[in-house]
Amino acid sequence: MTRNANKNNTECEKCWIFDLNQFRMITDSILDENTLVLEINQNYEVSVLMDYDVSLENGILTFKDFVNDNSKSATVLTGSLKTGILNKMSQSISEGLLNKTTNRRTYYITEPTPLIGHTAFGLIDRGTNVIQVRGLSGCNINCPFCSVDEGIHSKSRKNDYYVDKDYLVSEYEKIADFKGYKKLEAHLDGQGEPSLYYPLPDLVQDLNEINSKNNGIVSIQTNGVHLTEKLIDDLEVAGLHRINLSINAIDENFSKGLSGSKKYDIEKIMEIAEYIKNSKIHLLIAPLLLPNYNDEEFKKVLDFAVELEQKTPQTTINPITNKKNPIVGPQLCLTYQFGRKIPKMRVWDFPKFYNLLDVYEKEYSKKGINVDLEVPLHGFFGSHSRKRLPCPFKLNETISVTVLMDGRVNGEVIGASKNRVIQIIDCKTDVNKLNGKRVNVKVLRVKDNVIVGSMVK
């Protein structure tokens with residue numbers, strides 16, 4: 001846990017108080033009898049048992065037995081008590097962090113756990129100038145078509161992960177340096193909802209400071225539920241270039257169904273979209289077509305995006321391409337191994353999807369509206385091939401791996417070797433019996449430095 005530089009001077013003068021506000025990761029706290037419940041980075045929670053007679057007010061713990069006692073013995077003893085509390089807090093965060101959104105155990109990822117190798121957290125380099133930044137897992141809605149089976153009703157996801165901001169940024173810069181810095185895009189995405197990351201504006205600002213010096217950008221994809229005008233303002237100041245906003249239906253009931261949440265408010269999302277459009281952040285509305293299911297709603301979303309562009313034309317220039325970006329990025333729903341599928345949905349190939357978009361382009365053109373629905377959008381956003389990080393492993397080789405923690409799904413544990421995270425699948429041994437031990441693993445996947453393997457004797 002890192003202390004803030006601006007430590008409360010009062011604490012130095014009064015040894016009987018312990019100011020929790022000095023720890024930025026602690027965003028709220030309550031005292032429930034003898035249990036201190038801490039909110040960590042807004043979205044997580046831990047409980048710390050207090051063995052001392054304390055009270056709590058405005059984030060300040062008071063040792064009742066030492067009030068107004070600044071003697072040397074009291075200072076030494078309360079100092080020891082504070083150290084004990086810190087140790088308990090650190091242990092609770094490492095062993096008992098709970099995601100308040102998904103109610104799943106969450107692992108707080110920091111050094112020395114590598115950030116390359118897993119799809120649930122860290123950094124992914126797919127051999128382009130775009131580096132995927134995944135600071136957390138866990139989602140605040142439950143889309144019935146979710147490609148990674150996320151949300152509180154997930155049947156396959158059993159653990160979540162949160163990456164320390166400073167560690168995430170420092171490891172990102174290493175990749176940026178390897179790629180030569182120039183015209184990079186840090187894209188915040190993940191197996192969950194990236195806007196839930198806290199402190200998000202600070203993360204964006206730190207990444208932007210790395211990228212903006214050499215005509216690079218920072219972007220984020222989001223379902224928009226967590227966005228507020230205040231957060232948009234903060235992200236604008238932090239230097240965020242683009243928000244990829246997922247909207248899949250305009251009808252109120254249809255949109256709730258596609259989000260898997262009765263609390264989903266499409267009117268609020270549309271208002272936020274317009275607010276983004278009037279900021280310096282570029283808005284990309286990204287509707288997903290589920291063939292034979294949301295066809296009409298998909299077209300309504302395209303119409304909404306086009307009308308919004310007509311009302312407030314895009315002016316923000318992408319420094320990577322030195323051009324304006326489109327308002328809409330249509331997507332086709334595909335099916336995945338761990339994903340969900342809507343029974344009524346049909347599976348299309350991309351040529352059929354492209355033909356449909358071509359029909360829509362011509363419809364808009366007849367109305368005198370020039371809308372480019374070309375997909376994929378690599379050319380528009382300046383995505384291009386760039387040297388990729390070398391992979392230290394070869395397919396089918398057997399490597400020695402140190403087991404670190406439980407995995408994302410049943411039968412998976414996570415280990416590390418040669419500065420890579422290894423997803424060890426089909427594991428039938430309890431992770432508690434494996435933690436800290438070295439095991440032999442046969443490498444089954446190395447593509448994009450996402451390392452998957454299975455244990456061998």
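**A strand, its partner and beyond**

Modeller: Strand S13 (residues 217–222) runs parallel to S14 and is joined to S14 by four bridges. Two strands are said to pair if DSSP finds at least two bridges between them. Strands (E, at least two residues) and helices (H or I, at least four) are DSSP runs, numbered from the N terminus. The model is predicted, so to speak of local features takes a pLDDT of at least 70 and side-chain atom pairs count only at pLDDT 80 or more, while totals for chains, interfaces and linings use all residues. Residues are numbered from 1 along each chain as its sequence is written, and side-chain values use heavy atoms, with hydrogens and water left out.

Within the pairing, isoleucine 220 stands opposite isoleucine 243 in S14. Arg242 and Asn244 point one way from S14, Ile243 and Leu245 point the other way, and all are buried. Buried means under 20% relative accessible area, exposed means over 50%, and partly exposed lies in between (1.4 Å probe, protein chains only).

Aspartate 251 has a relative accessibility of 34% and counts as partly exposed. Aspartate 251 also belongs to a negative surface patch, together with Glu229, Glu252, Asp265, Glu267 and Glu271. Patches are made of residues with over 30% relative accessible area and no salt bridge; like charges are joined within 9 Å, and nonpolar side chains (Val, Leu, Ile, Met, Phe, Trp, Tyr) within 5 Å. Asp and Glu count as negative, Lys and Arg as positive, and His and the chain ends are not counted. The place of a charge is taken as CG of Asp, CD of Glu, NZ of Lys or CZ of Arg. The areas come from the Shrake-Rupley method with a 1.4 Å probe, and for residues only the protein chains shown count as cover.

Helix H5 (residues 229–238) holds both aspartate 234 and lysine 230, four residues apart, about one turn of the helix. Their side chains meet in a salt bridge (2.7 Å, N to O). A salt bridge is a side-chain nitrogen of Lys or Arg within 4 Å of a carboxyl oxygen of Asp or Glu. Lysine 230 is exposed at 55% relative accessibility, whereas aspartate 234 is partly exposed at 27%.

The structure holds 25 salt bridges. In one of them, the closest N and O atoms of lysine 64 and aspartate 53 are 3.9 Å apart. Lysine 64 lies in the loop between strand S6 (60–63) and helix H2 (72–96), and aspartate 53 lies in the loop between strand S4 (44–49) and strand S5 (54–57), so this pair ties together parts that are eleven residues apart in sequence. Another salt bridge joins the side chains of aspartate 406 and lysine 158 (3.2 Å, N to O). That pair links distant parts of the chain: aspartate 406 is in strand S20 and lysine 158 is in the loop between strand S10 (130–134) and strand S11 (159–163), 248 residues apart. Aspartate 406 is buried at 13%, while lysine 158 is partly exposed at 28%.

Five of the five residues of S21 (residues 413–417) are buried, so the strand is largely enclosed by the rest of the structure. Val413, Gly415 and Ser417 are on one side of S21, and Ile414 and Ala416 are on the other. S21 also pairs with strand S22 (residues 420–425), antiparallel, over five bridges. In S22, glutamine 423 is the bridge partner of isoleucine 414. The hairpin of S21 and S22 has two residues between the strands, and lysine 418 in the turn has a positive phi of about 50 degrees.

Some backbone angles remain. Most residues other than glycine have a negative phi, and most peptide bonds are trans. Glutamate 33 is not a glycine, yet has a positive phi of about 55 degrees. Glutamate 33 is in the loop between strand S2 (26–32) and strand S3 (35–40), and is exposed at 74% relative accessibility. A cis peptide bond joins tyrosine 198 and proline 199, with omega about 5 degrees. Proline 199 lies in the loop between strand S12 (185–188) and helix H4 (200–211).
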